[in-house]
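Trainee: Could we go through this one together, slowly?
Mentor: Of course; have it open beside you and ask as we go.

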Amino acid sequence: MKDLFWHLVGISTGLKILLIPAYHSTDFEVHRNWLAITHSLPLNRWYVEATSEWTLDYPPLFAYFEWLLSQVARYVDPRMLEVSNLGYESKATVYFQRLSVIVTDLVYVLGVRSCLGALGLARDSQQHFAGAMLLLLNVGLIFVDHIHFQYNGFLFGILLLSIGYLIRQRFLWSAFAFAVLLNFKHIFLYMAPAFGVYLLRFYCLEQASVAGMASAMIKLLAVGLSPFAVAFGPFVKQLPEVLARLFPFKRGLTHAYWAPNFWALYNAADKVAASLMRVPGGATSSGLVQEVKHSVLPTITPPMTFILTLVFMLPILVKLFRSSKKQSPLVFLRSVILCSCSSFVFGWHVHEKAILLVLIPLCLLTLVNREDARYSYILAIAGYFSLFPLLFDPDLFIPRYSLYMSYVAMLYGQLYRIFPGFRGFHVWEWLYMLGFLVIPLYEHLLSFVLGLDKRLPFLPLLLTSVYAGLGVLYFFGGYYLYALGLNGGNKAAGGTASVKRKRKTK
Amino acid sequence: MKSELLAAAFLGLAVRSIISLYSYSGFNTPPMYGDYEAQRHWQEVTVNLDTGEWYTNSSNNDLMYWGLDYPPLTAYHSYIVGKLGKAINPRFVELHKSRGYQSPEHKRFMRSTVVAADILVYLPALLAVCLCLDKSFQGDDKLFLFMLTVVYPGQILIDNGHFQYNNISLGLAAAAVAAILRGRLYIASFFFTLALNYKQMELYHSLPFFAFLLGECVNQERFGAFVARLSRIGAIVLATFAILWSPWLGSLPRALGVLQRLFPVARGVFEDKVANVWCAINVVWKLKKHLLNDQMALVCIGCTLIAALPTNIALFRRRTQLGFLLALFNTSLAFFLFSFQVHEKTILLAALPALFLLKWWPNEMLLFLEVSVFSMLPLLARDKLLLPALVSTVTFHLLFKCLRPEHSHMRNISNIVMIIIVAASLLIPAPARFPDLWPLIISVISCGHFVLFFVWGNCQHFVFKS
């Protein structure tokens, strides 16, 4: 097999260009507004400007990145750079912004290349090809970046570069890349504990002498903190304003559309309980970002979610800390995934898009280990499906289902190519995965036949997040036990099923 | 393996639905609009008028405005789609008042009817052919073939972009091809009759079917078996025709009227620049000055038959899978190059067998398929589909390279020429004296390729025969 990496890069770029005229969400306007803010206003106004409701709420490096883009945008269509020009979307603006995502994806391409190399996959192997396909043509990124509109591609590129450096044991580079990443988008804090523990254990504490440890620690801190200094330095006098923008805890426990996590099930349980006990109200799913008061179950506060998240991160971090050097890259990748997944499952105001923080690193493990691949397939089915509500425009119905089906079917084929004699799935796992067919069937057909489309317009969304949430929790529980070595990787079913039940009754 | 075939099918569907997001022929261009309006207008006519009036000029059916000029199966299809549209929004197909109707909702409806035809007819038929060509369940040949056939950009750009339903006629023809490959002659004749009744352009494929079926009949050892087989095939074809044409068979003038609609000799030998021999000759020797329209039509028929004869005689005498596909390819190219009233889009009829021939000559057929898209570029550019056309063709090329990573120099020269022409046509505006300069260059270059392919295909057929 030849090295087909660059062919796949070309194919994915072609697909992305074809998607340029597709529907884009308000995130398109968000980023246009940021272009305008960073271009037209002095630095000290960036984080206080509020003409548009889509205020700048990413860390400063991203703002600098927008400023850099605006230097090009000037020559394309200067009108998109006016702060007051709300909702402006000329053809030139659309092409410019869409192409900027496609071009910056080059960083992602490099990240993928670097990571696949770091994993030791030969360039002409089936694994390398599969990895390139899963990552370069990742349907989640296509949905979120190239249809919905965001710049996740190059951010994940930096993440993959950082992971690649770490596996290659170039620890300072890894720390630097990850620190830069945090200053682009702070959601990557989800996986920061894994990086922290790994670098502490296998870089600092691995040194022979105490002096060596101290100097390693100092180097690590210097490298890790310098991006923060560069990013936040100019805003040092406005730190409270900036931080308030970055961490808006005024938002509710769940997003307007419930991300498929523990709280989606919690809200649903509250609703069911409320209607059973005839308590008025119940958790809202009306599509507004607001604080939710639960009517039966106890109301959740930010500190509670924070503690739950940390508690669930601990076991895998301990395991990482105690793992042997030889095993450590594999355990590290699993801890990255499980830390992200803990944050996703228990975090405060989690977006459905955040599932990508789990899904993309998981693509790497899919290539190297059969059992990891099995779990990742289940999460892929649920996780990518849960992104559908982002693409609600009727013109996108066929594209979204067909891209999704094509991706998961191809992934399935690749599993059998990489792992000859792949064990496949248990009956109930199959049933769960096939159950996803019912949701579109209900959304596009049954709801109209039954006349429920007007009375319960949000039911398809609710079904999506609750049903996908079950899969996410099943993955989380099962994969966690597997990663800790508690179910030995074989006959995983019994253990994971009980975990799932335990979570549900919590 | 099966899951990868499924993935390929959904990839094809994804590309189709994404191309659907783009503009279509005649968007916002009154008074005549384009093929999109033609299809909508046919729905309007068929839903509101009696069957007998569909092809007849009247105060309710102005044939000068996109009059129905495809065979009855198209009309029935328009009727069904029109009924559906009427159920969604009666304004889609209101008689007279709906002319030029366009809205996002309507576009979505029209686009999804094309995709529905892809799902119901075209993609299954392609899968059937691929399965018949490669019966083994091992090996990647099937996947390679199916993947490339479903994402071939030419058909997608015309059907899901420009707006037509070639997928139905091509799909029916492909189903007939699959039946021939499996030796199911009766099914093949049924499907091919349907294809012919959807678009008269399927005549391009008719000679090889005829030669193959006749050859299979003559091949019988006993005279009785010959007669039985021939009469059964004849009965299937005639019965299918009779059923489809029944509303017009009552009176001879009526049936002739429909025929006249299907074969409009008066429209001239070609309309736009098209990559065939007549258009190329016309560059140096103005045909219309020297020949009358009727004479021209006779010359065309003569040349086409002479060009198509050798390959069909070879097929008649020796019937194999490859020979049949080669004959289809050669005959449809002969029709495209020499027949009367050729459209740029009809190259899709030659592209269909070319897709299946990818199994034997991947590199050559890839070039042919790329030239076929190249030859349609002026048409696609008019519909504002140039960007998706170029991007999807390059992507198609890369996909091919992914599945068959080999190298060939012959192709590179042609590819470079095409790239240079495309780049030049974008960068250098045509001089005012020759506004059609670039379309003309594109069609002449494509024509050169097609002639070479025609010669090559015939050579292959005879080399392969001996």
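This is a predicted model: local features need pLDDT of at least 70, side-chain atom pairs count only at pLDDT 80 or more; totals for chains, interfaces and linings use all residues.

Trainee: Leaving aside neighbours within four places in sequence, what is A:Lys2 in contact with?
Mentor: With A:Asp124 and B:Pro405, a contact being two residues whose C-beta atoms, placed from the backbone, lie within 7 Å. A:Lys2 and A:Ser125 are also 8.2 Å apart in space, C-alpha to C-alpha, although 123 residues separate them in sequence.

Trainee: And where does A:Lys2 lie?
Mentor: In the segment before α1 of chain A; helices here are DSSP runs of H or I with at least four residues, strands are runs of E with at least two, and both are numbered from the N terminus.

Trainee: Is α1(A) largely enclosed or open?
Mentor: Eleven of its 14 residues are buried, so α1(A) is largely enclosed by the rest of the structure. The buried ones include A:His7, A:Leu8 and A:Lys16, and their cover includes α4, α5 and α6 of chain A together with α1 and α19 of chain B.

Trainee: So chain B matters there; how many residues of chain B are in contact with chain A?
Mentor: 24 residues of chain B are in contact with 25 residues of chain A. On the chain B side, the largest share, ten residues, comes from α1(B), and by class that side has 17 nonpolar, four polar and three charged residues. Ala, Val, Leu, Ile, Met, Phe, Trp, Tyr, Cys and Pro count as nonpolar, Asp, Glu, Lys and Arg as charged, and the others, Gly among them, as polar.

Trainee: New topic: which domains does the assignment give for chain B?
Mentor: Domain 1 (1–142 + 160–263) and domain 2 (266–466), with bounds that come from an automatic or database domain assignment. In chain B, 27 residues of domain 1 are in contact with 24 residues of domain 2, and α9(B) gives the most to the domain 1 side, with nine residues.

Definitions and conventions: Residues are numbered from 1 along each chain as its sequence is written. Chains are lettered from A and ligands numbered from 1 in the order in which they are written. A residue is buried if 20 or more other C-beta atoms lie within 10 Å of its own, exposed if 12 or fewer, and partly exposed in between; C-beta atoms are placed from the backbone.
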